[in-house]
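Here are a few exercises to work through with the model open beside you. Try each task before you read its solution.

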Amino acid sequence: MAVVGALPGPRTVTWPKALAVLLLVAAASLIVWQRAYRTVEMMLAGGLISLFTSDGVYVASQRQTVYFGLGSETPFGLRMSPECTSAFLLLPLLLVGAVMIALRPRISRQVLVALGISMVVLVLVNQIRLLMLVGLIDWLGTDQGYYLGHTMFGSLISVLGGAAALVLFVWLATRQRKVK
Amino acid sequence: MSLPVLLGLTQALALTMSVAFLTYVCLIVVPYLRHTPDTPGDPDDFDWHFLVPCRDEETVVGGTVRYLLDSFPRAHIWVIDDDSEDTTAAVVDDIASDESRVHLVRRHRPNARTGKGDALNAAYRDLRSTLGSDVDGDRTIVVVVDADGRPAANCLEVCAAEHLFGDETIGAVQIDVWMSNRGTLQPGSSRLGKRFGAGLVRMQDLEFRTAIAAIQMSRGLTGTISMGGNGQFTRLTALEAIADENGPWRGALLEDFELGVHLLTAGWRTGFTRDTHVAQEGLYSLRRFLSQRTRWGQGTMQCARYVRRIWDSTHLSTLGAAEMLYYLAQPWLQLLGTLVYPIPFLLLGMRAMGDPNEVWSWFADGAWILFAVYGAFGLLPFLIWGPIYRARCEPSVGRLRSIGYGFAYAVYIYTFYITSWRALYRLARRRNGWVKTRRNTERAVTVDH
């Protein structure tokens, strides 16, 4: 006896798998196009810095560098290196998200929302780190401000922000929906 | 891939894994520290059957059986002799001749020595046929105890509590595990060997009573409390529900965790309690300790085959399934860690060899803070368990010594990076046999397969 209705339709099986593959492709793309990602990240940083300063701000896209304090006595340039970008911090989330969708297709939408929000948080955390660095350089000068901002406070923001993004991702992706 | 990209990638992976672990530790500490004892129940509401699997256990089994008889006057004790080459069977037979509550289940090669799960299944079948079909399986509790195990005298009252077997949805309960020989020096070894052995046992005691207990208590929230083999209580109806033609235990080296997976995916809930404990001998020998942990690591790797079953189960929440996936991923993450963590240091070393002055001025000008921050985040998740051990388990330990325990625990945990690689090697060579960990009093190596 064949129970046709019990067989899963192709749509229910295929699209979460395709989505999982898409997330893996996105993860790989972040590695391949990390330079382009860093450029966008620095353009965003340039826009944010110019909101807080009356001095000139310039983004050198080709070098993934933002110059600020232009016109002042202490102009400074910050380059987004592969070690400082948020691109690679997004990778684990994308990989875990892909695994979760592949293993439990019914939570695909929930995982995607969780991914979107936690990835935005990670990007914002890196922007906050840059803004803090710019603020410290402006306040304490190039040497002290840069080293304090880049090492201690920068690391603290990365760790705390990373923890917040992870908790947010796990909470949003796994929380039980109330049955109406 | 260029060196800066490789550096950025490995740093990001290392940061994510460290932050994930740090966050996890913060989350599990809270329920552990907030725990208060629960009201015990009436053990007379249940029938209790202890299963004691033995293979060459003549040095310890007699004492264990007598302890169980004295401590639990209504309980039955089923000793499984897995074709021992010593006098284990004779020791138990001798006690059984005077005591009807002691039952000896004998196994013989080629059907013996095929794993702890098979040995427990043999006892389960004997128990099942002895009890007959009229037995009230809901009121019958099967307890697995190691041959050197000493369940605390209050364990039946605690497990009979309303929130444990008093709740009919609970299929199994795991109790806390202590090391009976903590603070005891190993006789016969050198002074240095004694101190090292005592330290190793202390670390095992600390690990089980703090970190593992905290993980189990947090699993109460995710609904994924796992079984630990020793001090493992299971309701007979739960065992019946998951049994196949051989019995409820399957063939993985981590047969206790595997049993828990089958119970949880069948819809049973599991419990854990710190209100009672089972004491077992901690290992003094680093070699034996590494063998034991290799077996556990390999068992965890074997249980990866249950990932699909766990995620398909409608009885497990996504959070629960994610927690179990994280647990099953641990040996693999440790393998990844041994590859990823050294890369930034190697690249830094290469740069330092090329231009030592530049790297030194970079380090002295402020990069040392970076190392201090990451060092602190790497150490703190382990370090905290020392003072917590003093606060919650062993108040007689001095404050400074407890901090020392925390540092020692960090070193102790790093042995898992070794055992995970050994486990992978054994898995790749298809060496899936049961490597019995020798007791401290045994001399001969007993290795199967």
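This is a predicted model: local features need pLDDT of at least 70, side-chain atom pairs count only at pLDDT 80 or more; totals for chains, interfaces and linings use all residues.

**Exercise 1.** Find what covers the buried residues of H9(B).

*Solution.* Start with the cover: it includes helix H6 (191-222), helix H8 (255-265), H11 and helix H16 (415-428) of chain B. Helices here are DSSP runs of H or I with at least four residues, strands are runs of E with at least two, and both are numbered from the N terminus. Contact means that the C-beta atoms of two residues, placed from the backbone, lie within 7 Å.

Next, pick out the buried residues of H9(B); among them are Phe289(B), Trp296(B) and Met301(B). A residue is buried if 20 or more other C-beta atoms lie within 10 Å of its own, exposed if 12 or fewer, and partly exposed in between.

Last, check the helix length.

Residues are numbered from 1 along each chain as its sequence is written, and chains are lettered from A and ligands numbered from 1 in the order in which they are written.

**Exercise 2.** Work out which helix gives the largest share of the side of chain B that touches chain A.

*Solution.* First, the contact takes 29 residues from chain B and 29 residues from chain A. Then look at the helices of chain B that each supply at least two residues to its side: H1 (3-33), H10 (307-312), H11 (318-340) and H13 (356-383). H1(B) has the largest share, with 14 residues. Finally, sort the residues on chain B's side: 21 are nonpolar, seven polar and one charged. (Ala, Val, Leu, Ile, Met, Phe, Trp, Tyr, Cys and Pro count as nonpolar, Asp, Glu, Lys and Arg as charged, and the others, Gly among them, as polar.)

**Exercise 3.** Trace how S2(A) and S3(A) are joined.

*Solution.* Strand S2 (65-70) and strand S3 (76-79) of chain A run antiparallel, joined by four bridges; DSSP must find at least two for strands to pair. Now take Tyr67(A): its bridge partner in S3(A) is Gly77(A). The two strands form a hairpin with five residues between them, and Gly71(A) in the turn has a positive phi of about 95 degrees.
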